[in-house]
Amino acid sequence: MLRYIIRRIILAIPILLAVFTLVFLVVRIIPGDPAQSALGDYASKEAVEALRERMGLNKPLLVQYFHFLGDLVRLDFGESLISGKPISEQVAYALPYTLELTLAAVIFGVLLGVPLGVFTALNRNNAIDYLGRVLSLAGLSVPAFYFGILLILIFAVELGWLPAVGGGDLVGEPFKSLKYLVLPAVTLGLIMTTSVTRLSRSAMLNVLSEDYVRTARAKGLAERVVLIKHALRAALLPIVSITGFWAASLIGDSVLTEFIFSRPGLGKMLVGAILQRDYTALQSVMVIYAAFVVAINLITDLTYGLLDPRISH
Amino acid sequence: MEQDINTLEQPIVRLRSQRERLWHTFSRNRTALLGLIMVIVIVLVATFADDWFVAVFQGRDAQHLLAPFDPAKQDTRSRLQPPDEAHRMGLDTYGRDVTSRIIYGTRVSLLVGILSVALGGAIGTFLGLIAGYAGGKVEDWIMRSVDVLMAFPSLIMGLMVLAVLGPGMSKMIIAIGIMCSPAFVRVVHSSTLSVKENDFVLAARSIGVGKFRTVRVHILPNILGEVVVLASIYTATAIRVEANLSFIGLGVAPPTPAWGTMIRDGTQYLTTAPWISIFPGLAILITVLAFNLLGDGMRDIIDPKSYT
């Protein structure tokens, strides 16, 4: 198992390096001079030239590239072109909000999706199953921002139960900030919930027709035991893989959810960086997103190996 | 009592052509059929929003046909007017008819959705076929590149490409096209791997059929079903992503009506004039649902065992 873990980690390194390279190149081919756009159209030539010098833009591309990699290894993201503040500080403030949101949405998706999937599988081809199928397709079709707006209208405006915007004080008062998390997490988690429901249903249906489930029932085991110990355990593998897929996907979708609910987070940084052409912020944020996706994929693979020993060999 | 086998009533068997058989299975699948009907209606709405097909020949500007009003006509005195007899979905912040803007907005959604998937699907299928059939170094390079692209969440990738290209409809089509191509590469690659092991491929190769012809005539038709299903589902995704990007403010430029932009404009008036945002959202929901139903139904037909 240890060898499997080490091998997987080593395999992730070239991908991470390729991702960093891609981000570096993409940011370099964005049209326009970053120094010029940071200083505005009326800046003097000398000022722009000085900034270019300070940002290292006058150095050869290869030198810039190694500087970029070197800074990443030291987790030094440089300074924002617009505000001049260190990006690491902004990231340290924003990242917990994004991770909190993504994690909550994933938990919501699994805790609601898996039981719903099992339930519809047990009611195969009757009214409940059909209703579940229609609802899950509808859930896959709602744009997240639209669903978020509806939630704000109902729970924040009409009923006044939950706050509509903001993220609370996550570091100072973590428990009080939880109520800021509910609506965004549900918004972000909806699409995952429907997808997990559909997958758990088909995974359960596949497993329920297996011989060992029939044997377990024939032995006279309680239905609950058969379902949980025999069937669900075997259906867990595809569920783990789709959970990993969605965790990676939702960390990207969180950009939009943060935008709708005016939550602090990486998404706000990203959209701001694109609109203001703050290219040091842009490359840092993209690198962080991609690094998280690579990490999530790694964890998924490792869980896989843990659940099914055949894979790790 | 035994009957001579020849006197038994013979069932009348009419052989169906392949196309007829396909339609037969398709029309029996309620999900697919419902999706198809919805898609056709939506395409008709987009086509006949105005009379461009007549106007082109007469050399004049197109006039609204299916849409009750001109989507750009402003009436600032009656801005934010709630739905009534004339304006079934009310008026927006500039006093423009929401119904008409939704009808015209169908065009942006469909164009971006269909063209981006056509682009991404074509590139993805092409690379997937090459990777699957050629194998070796080529396969390694293509599939590792896909792994790298897959490390970016789809929305982040779309934003990244848009940051390079700048906003606008054609750029959005390219961005979303690039975003969905890796999925096509993966699916086509794995299907090609399994199809090329068939004896008919070996037979074709052994009688001297060239590589390109083998791929085009013997492999591609066998994986086309899966590509079509994926295309339908990704069209749904692409329309949703287009709406997302428009909502953030990176979509089609303002005077052209797009659903995501309309919802964005309405968010400031959610409590006073919710119709500005609610109705375009329903339009997105219905359109995305149509393509999802179609794709889902077709997947059922191709592979009845799984639906995920």
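Here is a chat about a predicted model, starting with chain A and moving on to chain B.

Q: Hi! How many helices and strands are there in chain A?
A: Chain A has 13 helices and 0 strands. Read from the N terminus on, its elements go α-α-α-α-α-α-α-α-α-α-α-α-α. Keep in mind that this is a predicted model.

Q: What box do the C-alpha atoms of chain A fill?
A: Taken along the principal axes, the box is roughly 85 × 55 × 35 Å.

Q: And what share of chain A is buried?
A: Of the 313 residues in chain A, 47% are buried. As for the surface, chain A exposes about 15,700 Å², and carbon and sulfur atoms supply 67% of that area.

Q: What about contacts in chain A, how many join residues at least 24 apart?
A: That applies to 72% of the contacts between residues at least 6 apart in sequence.

Q: Where do the charges come in? How far apart are the mean positions of the positive and negative ones in chain A?
A: They are 11 Å apart, with 26 positive and 22 negative charges counted in chain A.

Q: Let's pick a helix. What does H8 of chain A span?
A: Helix H8(A) covers residues 178-208 and spans only 39 Å between its end C-alpha atoms. A straight helix of 31 residues would span 45 Å at 1.5 Å a residue.

Q: Where is the kink in H8(A)?
A: The kink is centred on Gly189(A), and its angle is about 45°.

Q: Is H8(A) mostly covered or mostly uncovered?
A: Mostly covered: 25 of the 31 residues in H8(A) are buried.

Q: How about H5 of chain A, what is its reach?
A: Helix H5(A), residues 87-122, has 36 residues and reaches 51 Å from its first C-alpha to its last. That is close to the 52 Å expected at 1.5 Å a residue.

Q: Where does H5(A) bend?
A: It bends at Ala94(A), by about 30°. A proline, Pro96(A), follows within four residues.

Q: Switching to a loop: which helices does Ser262(A) lie between?
A: Ser262(A) is in the loop between helix H10 (223-260) and helix H11 (266-276) of chain A. Its phi is positive, about 45°, although Ser262(A) is not a glycine.

Q: On to chain B. Is Arg101(B) buried or exposed?
A: Arg101(B) counts as buried, because its relative accessibility is 3%. You can find Arg101(B) in helix H4 (residues 98-134) of chain B.

Q: Which residues is Arg101(B) in contact with?
A: Leaving aside neighbours within four places in sequence, its contacts include Pro71(B), Asp92(B), Pro254(B) and Trp259(B).

Q: What about Ser246(B), where does that lie?
A: Ser246(B) lies in helix H9 (residues 211-248) of chain B. Ser246(B) is buried, with a relative accessible area of 1%. Not counting residues up to four places away in sequence, Ser246(B) touches several residues, among them Met172(B), Val252(B) and Arg264(B).

Q: Last one: which helix holds Tyr234(B)?
A: Tyr234(B) is found in helix H9 of chain B. Tyr234(B) is partly exposed, with a relative accessible area of 21%. Leaving aside neighbours within four places in sequence, Tyr234(B) is in contact with Val117(B), Cys180(B), Ala183(B) and Phe184(B).

Q: And how many residues apart are Tyr234(B) and Gly136(B)?
A: They are 98 residues apart in sequence, and 29 Å apart in space from C-alpha to C-alpha.

Note on methods. Residues are numbered from 1 along each chain as its sequence is written. Chains are lettered from A and ligands numbered from 1 in the order in which they are written. This is a predicted model: local features need pLDDT of at least 70, side-chain atom pairs count only at pLDDT 80 or more; totals for chains, interfaces and linings use all residues. Side-chain values use heavy atoms; hydrogens and water are left out. Helices (H or I, at least four residues) and strands (E, at least two) are DSSP runs, numbered from the N terminus. Buried means under 20% relative accessible area, exposed over 50%, partly exposed in between (1.4 Å probe, protein chains only). Contact means heavy atoms within 4.5 Å. Accessible areas come from the Shrake-Rupley method with a 1.4 Å probe; for residues, only the protein chains shown count as cover. Lys and Arg count as positive and Asp and Glu as negative; His and the chain ends are not counted. The place of a charge is taken as NZ of Lys, CZ of Arg, CG of Asp or CD of Glu. The expected span of a helix is 1.5 Å times one less than its number of residues. The bend at a residue is the angle between axes fitted to the seven residues ending there and the seven starting there.
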